[in-house]
Amino acid sequence: KAGFTLIEAMIVVAMIGAVAAIGTPAMQRVFLDLRTRAAARSTADALRIARAEAIRTGNPHVVYFSAAASGNPPATDPVGAPLGADPATGGGPYPVLILRDGGVGAPNCRIDPGESQQGITAQRNVAWGSSVSGGVPVPSDTGLADHSSGSSFRTPAGAPTTWVSFAPNGIPVGFDAACVTGGVGSGGGAIYLTNGRRDYAVVLSPLGVVRVHIWEEGTGQWTD
């Protein structure tokens with residue numbers, strides 16, 4: 001009966017290897033883009049959850065980011081308390097942490113023992129900041145702070161920071177290390193995420209609306 005020769009089998013194996021070599025990097029890029037999009041959506045969901053819970057409970061809810069900002073220690077609250085331990089990073093800080101501020105005692109913009117917390121798990125090979133958008137901020141980003149570290153949020157005095165608080169009425173407000181909060185309009189800003197080839201921005205409006213944008217290299221602008 002007809003069969004395969006050793007040479008024919010070797011040719012087939014070589015062809016499979018060539019196809020795999022070509023396809024594997026492409027698949028890796030696809031999965032990396034999916035993880036980056038998932039990270040952006042998780043960040044957006046964290047802001048939406050914090051706003052909804054602030055309204056529901058009547059307690060301010062703070063969202064902390066582990067992005068480093070000038071003058072503020074990365075991955076901590078204003079007094080240096082770490083942002084939990086994320087199993088995805090081997091116990092490193094959560095990239096995003098939601099805190100029910102005032103769940104124990106009066107609201108103080110700090111992570112206190114016993115207060116309800118919810119951490120957002122990190123996505124592999126996704127970093128803070130932007131790499132292909134050339135530092136161009138999203139037009140709707142009202143934070144106006146330097147976002148190269150990944151955060152354009154700011155204190156009421158205008159200093160860059162890595163947190164935002166939602167008041168019981170759902171309005172985001174900025175605050176400083178002493179927990180001095182600003183008024184309406186002080187909590188708008190954005191978080192920027194990148195995987196080295198795609199940039200995402202999660203924008204929080206001054207009234208609490210959250211939108212996710214992606215940088216389109218073809219048009220050179222941010223789109224929904």
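The torsion about the S-S bond of cysteine 109 and cysteine 179 is about 65°, so this disulfide is right-handed. The two sulfur atoms lie 1.9 Å apart, and a disulfide here is a pair of cysteine sulfur atoms within 2.5 Å. The bond links distant parts of the chain, 70 residues apart: cysteine 109 sits in the loop between β2 (96–100) and β3 (117–120), and cysteine 179 in the loop between β6 (172–173) and β7 (189–194). A search of the whole structure finds one disulfide.

Before going on, please note that this is a predicted model, in which local features need pLDDT of at least 70, side-chain atom pairs count only at pLDDT 80 or more, and totals for chains, interfaces and linings use all residues. Residues are numbered from 1 along each chain as its sequence is written, and side-chain values use heavy atoms, with hydrogens and water left out.

Now to accessibility, where buried means under 20% relative accessible area, exposed over 50%, and partly exposed in between (1.4 Å probe, protein chains only). Cysteine 109 is buried at 4%, whereas cysteine 179 is partly exposed at 23%.

The structure holds five salt bridges, each a side-chain nitrogen of Lys or Arg within 4 Å of a carboxyl oxygen of Asp or Glu. Three of them are listed here:

| Pair | N to O distance |
|---|---|
| Arginine 197 and aspartate 33 | 2.5 Å |
| Arginine 56 and glutamate 53 | 2.8 Å |
| Arginine 211 and aspartate 224 | 2.3 Å |

Arginine 197 lies in the loop between β7 and β8 and aspartate 33 in helix α1, so their pair ties together parts that are 164 residues apart in sequence. Aspartate 33 is buried at 14%, while arginine 197 is partly exposed at 32%. Asp33, Arg197 and Arg198 are linked in a network of salt bridges. Arginine 56 and glutamate 53, by contrast, both lie in helix α1, three residues apart, about one turn of the helix.

Helices (H or I, at least four residues) and strands (E, at least two) are DSSP runs, numbered from the N terminus. Five strands make an open sheet with antiparallel pairing, in the order β4-β7-β8-β9-β10. Its edge strands, β4 (127–128) and β10 (221–223), each pair on one side only. Strands β8 (residues 199–204) and β9 (residues 210–216) pair over five bridges, where pairing requires that DSSP finds at least two bridges. Alanine 201 stands opposite histidine 213 in β9.
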